[in-house]
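Please examine the sequence and the structure shown here before reading the report.

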Amino acid sequence: MRKLLIPILVLAASVGACGGDSDPSSATKKTDPKGPAVIKAEGTLWKPAEITVGAGEVVTWKVEKGLLHDLVGEDDVKHEAADEFTATHTYSKPGEYNYQCTLHGGMKGTVTVT
């Protein structure tokens with residue numbers, strides 16, 4: 001049994017080291033470690049409520065079918081009340097910018113622009 005186990009382990013280790021990715025372009029794909037700046041309405045909260053972006057980056061708010069929400073914030077961020085919408089805003093100057101859903105008192109957040 002031991003004689004059979006060692007070759008199997010060696011074979012398994014060599015297959016894992018080669019990688020099994022069938023997409024040859026995956027090694028050259030560059031991913032943004034921060035990911036997109038997306039804020040989603042979850043119940044009566046924005047998630048994440050606080051987000052940091054660089055000047056010139058786009059922030060996206062998403063409201064999916066469910067509760068009625070609006071969006072009001074500094075730097076002319078706004079969207080009328082609806083149960084589903086996507087709103088975007090590009091912040092050009094560093095600072096802290098507050099936003100909220102005025103229909104739900106605790107549904108507030110901050111975008112920090114660096």
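Predicted model: local features only at pLDDT ≥ 70, side-chain atom pairs only at ≥ 80, totals over all residues.

Residues are numbered from 1 along each chain as its sequence is written, and side-chain values use heavy atoms, with hydrogens and water left out.

**Overall make-up**

Helices (H or I, at least four residues) and strands (E, at least two) are DSSP runs, numbered from the N terminus. In sequence order the pattern is α-β-β-β-β-β-β-β-β-β. Of the 114 residues, 25% count as buried; buried means under 20% relative accessible area, exposed over 50%, and partly exposed in between, with a 1.4 Å probe and protein chains only. The protein exposes about 7900 Å², of which carbon and sulfur atoms supply 57%; accessible areas come from the Shrake-Rupley method with a 1.4 Å probe, and for residues only the protein chains shown count as cover. Among contacts between residues at least 6 apart in sequence, 46% join residues at least 24 apart, where contact means heavy atoms within 4.5 Å.

**Strands and their pairing**

Two strands pair if DSSP finds at least two bridges between them. An open sheet is formed by four strands in the order E2-E1-E4-E7, with mixed pairing. Strand E2 (45–47) and strand E7 (85–90) stand at the edges with a single partner strand each, so one side of each has no neighbour in the sheet. Within this sheet, strand E4 (residues 58–63) and E7 run antiparallel and are joined by six bridges, and Lys62 stands opposite Thr86 in E7.

Strand E3 is joined to strand E9 (residues 108–113) by four bridges, and the two run parallel. In this pairing, Thr52 stands opposite Thr112 in E9.

**Aromatic rings**

A pair of aromatic rings is described by the distance of the centres and the angle of the planes. Rings of Phe, Tyr and Trp (its six-membered ring) pair if their centres lie within 6.5 Å; planes under 30 degrees apart count as stacked, over 60 as edge-to-face and the rest as tilted. The count comes to three aromatic pairs. Two of them are listed here.

| Pair | Centre to centre | Angle of planes | Type |
|---|---|---|---|
| Trp46 and Tyr99 | 5.9 Å | 70° | edge-to-face |
| Tyr91 and Tyr97 | 4.8 Å | 40° | tilted |

Trp46 lies in strand E2 and Tyr99 in strand E8 (residues 95–100), so their pair ties together parts that are 53 residues apart in sequence. Trp46 is buried at 3% relative accessibility, and Tyr99 is buried at 2%. Tyr91 is buried with a relative accessible area of 0%, and Tyr97 counts as buried at 13% relative accessibility. Trp46, Trp61 and Tyr99 form one aromatic cluster.

**Nonpolar core**

In soluble globular proteins, nonpolar side chains tend to be buried together. A nonpolar core is a set of buried Ala, Val, Leu, Ile, Met, Phe, Trp, Tyr and Cys residues joined through side-chain atoms within 4.5 Å. The largest such core has 21 residues, and those with the most contacts inside it are Ile39, Trp46, Val59, Trp61, Leu71, Tyr91 and Val111. Two or more residues of this core come from each of strand E1 (37–42), E3, E4, strand E6 (77–82), E7, E8 and E9.
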